[in-house]
Amino acid sequence: MLSASPAPALEMSAISASEKVDGFTRKSVRKAQRQRGCQGSSQFAASSSRPAAPEISALPQLKDASSTEQHELFMQKLQQCCVMFDFYDTVTDLKSKETKRATLSELVDYVSTNRGVLVDPVYPEISTMVSTNIFRTLPPSENPDFDPEEDEPTLEASWPHMQLVYEFFLRFLENPDFQPSTAKRYIDQKFVLQLLELFDSEDPREREFIKTVLHRIYGKFLGLRAFVRKQINNIFLRYIYETEHFNGVAELLEILGSIINGFALPLKAEHKQFLMKILIPLHTAKGLALFHAQLAYCVVQFIEKDPTLTEVVVRGLLKFWPKTCSQKEVMFLGEIEEILDVIEPTQFKKIQEPLFKQISKCVASPHFQVAERALYYWNNEYILSLIEENNAKILPIMFGNLYRISKEHWNPTIVALVYNVLKTLMEMNSKLFDELTASYKCDRQREKKKEQEREELWRKLDELRLQETSERGFDSGAGGLTILSNVNLRKRLWRGAT
Amino acid sequence: MAGADSDDSLYPIAVLIDELRNEDVQLRLNSIKKLSTIALALGVERTRTELLPFLTDTIYDEDEVLLALAEQLGNFTMLVGGPEYVHCLLPPLESLATVEETVVRDKAVESLRKISHEHSPVDLEVHFEPLVKRLASGDWFTSRTSACGLFSVCYPRVSSTVKAEIRQHFRTLCSDDTPMVRRAAASKLGEFAKVLELEYVKSDIISLFTALASDEQDSVRLLAVEAGVSIATLLPQEDLEALVMPTLRQAAEDKSWRVRYMVADKFSDLQKAVGPEITKNDLVPAFQNLLKDCEAEVRAAAANKVKEFCENLPEDSRETIIMTHILPCVKELVSDTNQHVKSALASVIMGLSTILGKDNTIEHLLPLFLAQLKDECPEVRLNIISNLDCVNEVIGIRQLSQSLLPAIVELAEDAKWRVRLAIIEYMPLLAGQLGVEFFDEKLNSLCMAWLVDHVYAIREAATCNLMKLVEKFGAEWAQNTIVPKVLGMANDPNYLHRMTTLFCINALSEVCGQEITTKHMLPVVFKMSNDQVANVRFNVAKSLQKIGPVLDSNCLQTEVKPVLEKLASDQDIDVKYFAQEAISGEFSTIILKYNLHRCKLMTQHYVTLKLKKQKT
């Protein structure tokens with residue numbers, strides 16, 4: 001929807017002669033080039049037109065002030081820290097930047113070691129100072145096709161200050177004197193919304209801080225909880241269905257992991273909806289690899305909370321099973337194993353058929369990592385016991401592909417693993433195994449025959465369609481056929497005329 | 001329907017439905033894609049009573065399958081019995097319009113929009129409009145998003161009470177709780193405004209537009225920009241200032257770069273929509289700001305619009321505005337820190353010369369062109385060179401040629417072969433503009449150097465380039481300047497270069513004509529048939545086939561054929577193969593020529609006969 005970055009241009013700048021031959025810049029080279037511009041700041045992208053920041057001078061130390069002056073000085077320092085500096089420009093305001101850094105660091109110290117400093121009037125000052133420093137529209141990514149797995153992230157240029165602001169805010173929230181009832185006037189929905197937007201920051205250090213901050217806020221402000229969850233849902237939905245771009249998915253899932261942990265039983269409909277409408281579709285995302293561990297943790301948490309969810313979850317995963325991405329398929333297999341580790345035997349019975357049909361397909365995958373990952377299930381004691389218990393159902397599903405693969409997979413490791421699995425299955429139920437071996441050929445032939453019948457049916461249907469179109473000139477999106485019949489008609493006319 | 005009775009036994013619905021339920025997704029998908037065939041087999045009545053209910057009930061499948069289904073149903077009107085029954089298609093499409101996956105939903109909405117036109121006004125109110133209302137008040141955001149796209153198709157054809165309801169629903173969705181729905185509403189706002197009566201545009205749409213344009217989410221605000229442009233085209237000039245301009249002005253200065261980018265991107269449309277007066281007073285300063293924006297993305301988007309913006313300025317003040325307001329910003333952009341910005345500018349800046357005329361171009365623009373021709377980024381230089389024709393018309397290319405040459409030479413030797421390729425493609429154009437003398441003196445050697453490039457794509461482009469040059473400068477020029485050099489390469493120790501000679505001959509024989517080909521090229525090709533590298537030999541066979549049509553039949557028979565026959569008994573299998581190919585190809589041309597010859601003779605004969613008859 002939004003194509004905000006200009007089309008990736010031809011790569012620039014001088015390149016060594018060795019590249020003259022193939023012309024394709026290697027990733028390492030591109031990376032090296034990019035490193036130069038790797039510091040971005042959204043607040044002062046181009047400073048030329050901006051007024052210079054006012055100079056700030058150091059105030060006396062808080063610890064040297066008398067207790068009566070301390071409060072006033074604290075407020076002054078908070079206000080002083082609202083002055084922003086341009087970190088793109090590495091030469092100007094050096095002294096003021098250092099003053100602000102020292103002040104911030106003093107403030108961090110002050111709120112973490114002193115009691116009784118959080119009196120009511122400081123709350124709005126703190127909120128203003130934090131908002132001014134951290135809330136901003138994130139800049140466009142330096143690299144339009146930023147690949148979080150491969151590329152170095154763009155780091156926030158003003159981090160020397162920003163880190164201390166986050167640190168300070170965190171100490172403020174964790175201070176034993178902190179009063180949510182006072183703070184809620186400042187840390188409100190709008191505040192949280194802006195905080196959530198920052199999860200898209202490319203700088204992992206910043207996301208780490210925001211994660212902790214949001215977690216504290218979620219813990220202390222009961223009134224904001226539903227709102228936070230809803231906004232996170234919106235972010236995920238936008239990520240899944242609209243932009244496929246958001247840097248902080250893993251961090252948000254980590255928070256959710258601990259939130260899900262605290263859900264009361266029975267689960268509210270809202271939470272179940274979150275599982276089915278958001279967590280499961282999140283598996284379709286292109287960048288799944290970046291947050292799969294956290295996502296699988298959340299899913300398993302849900303199943304552990306409420307085992308009756310197993311069936312819908314597994315069916316959901318099967319629906320979104322990757323078609324072409326083997327790397328993702330391996331992740332899915334990993335997640336299914338995690339689910340099977342905690343599954344209740346009664347739940348297992350409900351999903352065994354569709355699940356093992358998929359596993360059977362994976363075992364037969366020409367990609368050896370997928371096949372291998374699926375075959376590893378047979379090393380899992382608990383899964384093995386479930387298979388054994390239900391072998392009459394599972395064996396017929398698995399047998400055909402295993403038998404075929406044991407003869408024709410290209411990878412010797414897979415063939416060896418398949419032999420072991422076949423052996424295990426044979427030991428479970430040798431009678432059924434023999435029957436399946438005996439009927440293998442017949443089954444294949446029956447499948448072939450069925451396939452032929454299908455083709456025959458479609459041939460007839462297509463003929464009928466052709467007939468209809470030519471006889472009645474009946475056109476419903478089959479324009480090509482009408483033209484064809486017209487050609488025939490013209491041919492006939494021609495023949496008649498001559 | 002004819003034959004429908006006998007079909008019952010042949011195509012029981014169960015079998016067909018089995019196909020739609022096949023366990024293999026791919027097969028299921030294939031079946032759905034041929035849903036119209038199935039419907040045809042069932043006939044219109046059973047399609048309505050059996051197939052559609054089945055489809056409606058079983059909508060839980062892979063998104064891929066649902067997408068195909070949504071698309072099919074849009075073309076189903078005739079298959080359910082024509083417009084009279086088209087409303088039968090609504091239930092399955094309604095469910096599809098509530099699916100999570102955006103592509104499926106969008107396709108369902110597209111199909112719904114399509115079939116809405118096939119509804120009679122009565123059916124539209126009885127069946128279609130209630131569906132829109134249901135979607136608009138759905139629980140989950142997906143149905144509400146889909147509803148946004150349906151209002152505009154039914155609004156013009158319903159009664160005024162229903163119209164009022166539709167407006168109300170749209171209003172509700174514009175302030176929906178979820179940003180997804182607000183985004184959908186914002187993106188359809190312009191379209192909806194177009195079908196509304198002007199009084200409601202003023203009373204309803206403006207307030208919705210203002211609200212969406214100041215939404216808390218920038219993803220909503222940026223969509224409102226586009227709507228703003230559409231709305232501005234609908235309003236009479238005197239209302240623009242009060243109703244849309246404050247909001248648009250605010251969008252141009254939005255704190256989110258995405259919104260500003262959108263304004264820059266839509267700037268030409270906006271300019272046309274608001275007319276000359278507002279352009280002069282408001283848009284010029286706004287455009288200046290966008291060109292100086294702190295985010296490179298925004299500057300690049302604005303730079304892209306420089307030419308169009310200047311072109312569309314009101315004529316009476318165009319030159320003054322450009323000279324005093326736009327040009328200073330453009331000058332700054334020439335030395336921007338971001339290469340995308342510079343190359344965006346380079347792709348349009350030449351267009352300014354036609355607007356400003358000769359004197360201004362020479363005085364003000366030329367220095368900028370020259371600076372960009374020396375830019376460190378090859379794309380900037382390329383963009384300048386590729387638009388030389390605009391300048392050529394105004395001041396002639398000579399003004400530039402001194403600076404052009406070093407730029408071309410540098411690009412011609414760029415490390416990136418794609419850059420080299422791009423400059424080769426402009427060579428014929430440049431040659432035409434610079435003239436043969438300049439070309440021979442400065443560029444000819446470059447063109448020849450490309451023939452021995454490391455990269456095949458460059459060598460290939462270089463041969464093609466030679467052909468185009470000959471088309472421009474003529475066969476005589478070719479014979480004097482390039483043919484000797486090309487043929488000289490036949491003795492190169494590197495077999496790849498020897499092959500290049502053959503490729504050049506393939507390309508040049510036709511434009512050079514029979515004489516040069518027979519006299520100069522053919523002997524060299526014959527000589528190469530004894531090359532020790534098999535690849536060269538089979539390319540000789542291929543070349544002989546290619547240039548055959550240029551040669552006369554006598555030469556083919558007496559000279560070419562023996563050489564090919566010798567190659568056909570070569571020890572290398574590929575050489576043999578291509579020689580045989582060439583012989584059969586060659587013969588067919590010979591036969592063709594022979595036949596043509598006979599035809600000619602016969603006509604002559606016929607004509608003489610006729611003449612004789614007339615005489616007698």
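Author: A residue counts as buried when its relative accessible area is under 20%. Keep that cut-off in mind, and remember that this is a predicted model.

Reader: Fine. Why is S406(A) called buried?

Author: Its relative accessibility is 8%, and the cut-off is under 20%, so S406(A) counts as buried.

Reader: Where does S406(A) sit, and what does S406(A) touch?

Author: S406(A) is part of helix α19 of chain A, residues 391-408. Leaving aside residues up to four places away in sequence, S406(A) touches V415(A), V418(A), Y419(A) and L422(A).

Reader: Over to chain B. What makes α28(B) roughly parallel to α30(B)?

Author: Helix α28 (residues 436-450) and helix α30 (residues 475-488) of chain B pack at an angle of about 15°, their axes 12 Å apart. Angles under 35 degrees count as roughly parallel, so α28(B) gets that label relative to α30(B).

Reader: Which hand does the crossing of α28(B) and α30(B) have, and which residues meet there?

Author: The crossing is right-handed. From α28(B) come V436(B), F439(B), D440(B), N444(B) and M448(B), and they meet W477(B), T481(B), I482(B), K485(B) and V486(B) of α30(B). Sorted by class, that contact has six nonpolar, two polar and two charged residues.

Reader: How do you know what the UniProt annotation covers in chain B?

Author: That comes from the record: an unreviewed UniProt entry gives "domain: Phosphatase 2A Regulatory Subunit A helical" for residues 89-270 of chain B. In the model, that stretch is 79% helix and 0% strand, with its end C-alpha atoms 39 Å apart.

Note on methods. Residues numbered from 1 in each chain as written. Chains lettered and ligands numbered in written order. Predicted model: local features only at pLDDT ≥ 70, side-chain atom pairs only at ≥ 80, totals over all residues. Heavy atoms only, no water. Axes fitted to C-alpha atoms, helices over the stretch in contact; angles between N-to-C directions. Helix = DSSP H or I, 4+ residues; strand = E, 2+ residues; numbered from the N terminus. Parallel < 35°, antiparallel > 145°, perpendicular 65-115°, else oblique. Left-handed = near helix turned anticlockwise from the far one by under 90°. Contact = heavy atoms within 4.5 Å. Nonpolar A, V, L, I, M, F, W, Y, C, P; charged D, E, K, R; others polar. Buried < 20%, exposed > 50% of the residue type's maximum accessible area, 1.4 Å probe, protein only. UniProt positions renumbered as here; feature names shortened; annotations may be inferred.
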